Amino acid sequence: MDTETVSIQLIRMWTFMAECHKKQLQKIMEAKSQVQVASRKITGDSGLRATMKLEMECLKWEKCFGEWINAQKSFVKFLNGWLIKCISRENEETRNGIAHFSPGRVGAAETFIVCNDWYQAVEKMSESQVSAAIHDFALSLHQLWEKQSEEQQQRVKADYLSRDYERRVRSFYEERGIDYSNGTAASGVAGLDELEKNLGFMKKRLEKQRVIHVQAVKEVNDSASSSLRSGMMSIFEALESFCLERLKGYQQIRNPNKGGKI
């Protein structure tokens with residue numbers, strides 16, 4: 001495979017990747033903005049585990065992306081450095097000092113020129129914006145996980161108070177030999193007024209805890225709706241921009257046989 005073919009294939013790859021990330025961004029923008037990951041009826045910690053797993057996968061994604069870019073840079077740097085050793089280099093003095101080395105200026109073969117241009121293009125790569133977008137998304141997921149954890153704690157408190165309240169009322173009726181299986185307090189029962197008075201404070205605590213839990217559920221769903229959509233949008237915007245910049249760089253690679261760029 002000649003150098004022109006390699007350059008063309010790289011241009012096609014970055015073009016394809018830019019188009020893919022553009023379509024991904026469009027789909028995210030079109031997606032439903034409201035996400036429900038918590039409710040008063042949802043129990044268990046499956047939501048917590050899913051959020052934590054997604055956070056871990058994002059951090060792994062950030063790491064792998066950086067390693068992928070560094071691997072490209074290292075490979076091209078090594079290849080270009082090895083080829084340059086095969087060229088007789090003489091420093092060229094100019095009015096502005098020693099001229100930047102160029103294989104084309106010393107009449108090197110096509111492979112040397114293309115590889116040096118490739119090296120220059122790859123060295124300008126900066127994955128910082130993409131890495132930052134992925135990292136910020138992972139951070140927002142961790143914050144969502146914290147809200148989910150808080151919501152779960154409030155749900156457990158509400159459930160405990162509800163069961164305790166129910167247990168005390170049921171115990172009151174059972175001690176008097178009255179059936180409370182339908183969960184309805186009978187009127188005219190001796191001591192009922194005293195029961196309601198004694199449990200009044202507990203009932204207020206239960207009602208207050210239920211309000212707190214409802215608010216926690218709302219905060220979780222609001223956070224999920226905001227962070228998931230905006231976070232993914234930022235990532236795919238950064239990825240599309242990154243690919244377009246890489247495409248622009250590869251399009252600057254010269255084609256010595258045709259006297260111009262690829």
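Mentor: Of the 262 residues in the chain, buried ones make up 37%, where buried means under 20% relative accessible area, exposed means over 50% and partly exposed lies in between, computed with a 1.4 Å probe and protein chains only. This is a predicted model, in which local features need pLDDT of at least 70 and side-chain atom pairs count only at pLDDT 80 or more, whereas totals for chains, interfaces and linings use all residues. Residues are numbered from 1 along each chain as its sequence is written, and side-chain values use heavy atoms, with hydrogens and water left out.

Trainee: Why does Ser225 count as buried?

Mentor: Ser225, found in helix 6 (residues 200-251), has a relative accessibility of 7% and therefore counts as buried, since that value is under the cut-off of 20%. A polar atom of the Ser225 side chain also lies 2.8 Å from the backbone oxygen of Asn221.

Trainee: Why is Glu219 called partly exposed?

Mentor: Glu219, whose place is also in helix 6, has a relative accessible area of 40%, so the label is partly exposed. Glu219 and Gln148 stand 71 residues apart in sequence, and their C-alpha atoms are 8.9 Å apart in space.

Trainee: What makes helix 2 roughly antiparallel to helix 4?

Mentor: Helix 2 (residues 46-84) and helix 4 (residues 128-175) pack at an angle of about 165°, their axes being 9 Å apart; axes are lines fitted to C-alpha atoms, for helices over the stretch in contact, and angles run from 0 to 180 degrees between N-to-C directions. Because that angle is above the limit, helix 2 is roughly antiparallel to helix 4, the classes being roughly parallel under 35 degrees, roughly antiparallel over 145, roughly perpendicular from 65 to 115 and oblique for the rest. The residues of this contact of helix 2 with helix 4 divide into 14 nonpolar, eight polar and two charged, where Ala, Val, Leu, Ile, Met, Phe, Trp, Tyr, Cys and Pro count as nonpolar, Asp, Glu, Lys and Arg as charged, and the others, Gly among them, as polar.

Trainee: What makes helix 4 roughly antiparallel to helix 6?

Mentor: The axes of helix 4 and helix 6 are 8 Å apart, and the packing angle is about 165°, which means that helix 4 is roughly antiparallel to helix 6. The residues of the contact of helix 4 with helix 6 divide into 22 nonpolar, eleven polar and ten charged.

Trainee: Why is Phe137 called buried?

Mentor: Phe137, found in helix 4, has a relative accessible area of 3% and is therefore buried. Leaving out residues up to four places away in sequence, Phe137 touches Cys58, Ser227, Leu228, Gly231, Met232 and Ile235. Phe137 and Met232 are 95 residues apart in sequence and 7.3 Å apart in space, C-alpha to C-alpha.

Trainee: Which residues of helix 2 and helix 3 make the contact?

Mentor: The axes of helix 2 and helix 3 (residues 110-123) come within 9 Å and cross at roughly 145°. Gln72, Lys73, Phe75 and Val76 are among the residues that helix 2 contributes, while those from helix 3 include Thr111, Phe112, Trp118, Val122 and Glu123. The residues of this contact of helix 2 with helix 3 divide into ten nonpolar, four polar and three charged.

Trainee: Why is Phe75 called partly exposed?

Mentor: Phe75, found in helix 2, has a relative accessible area of 47%, so the term is partly exposed. Phe75 and Val122 are 47 residues apart in sequence, with 10.0 Å between their C-alpha atoms.

Key
Helix = DSSP H or I, 4+ residues; strand = E, 2+ residues; numbered from the N terminus. Polar contact = N/O pair within 3.5 Å; in protein donor to acceptor, adjacent residues only side chain to side chain. Contact = heavy atoms within 4.5 Å.
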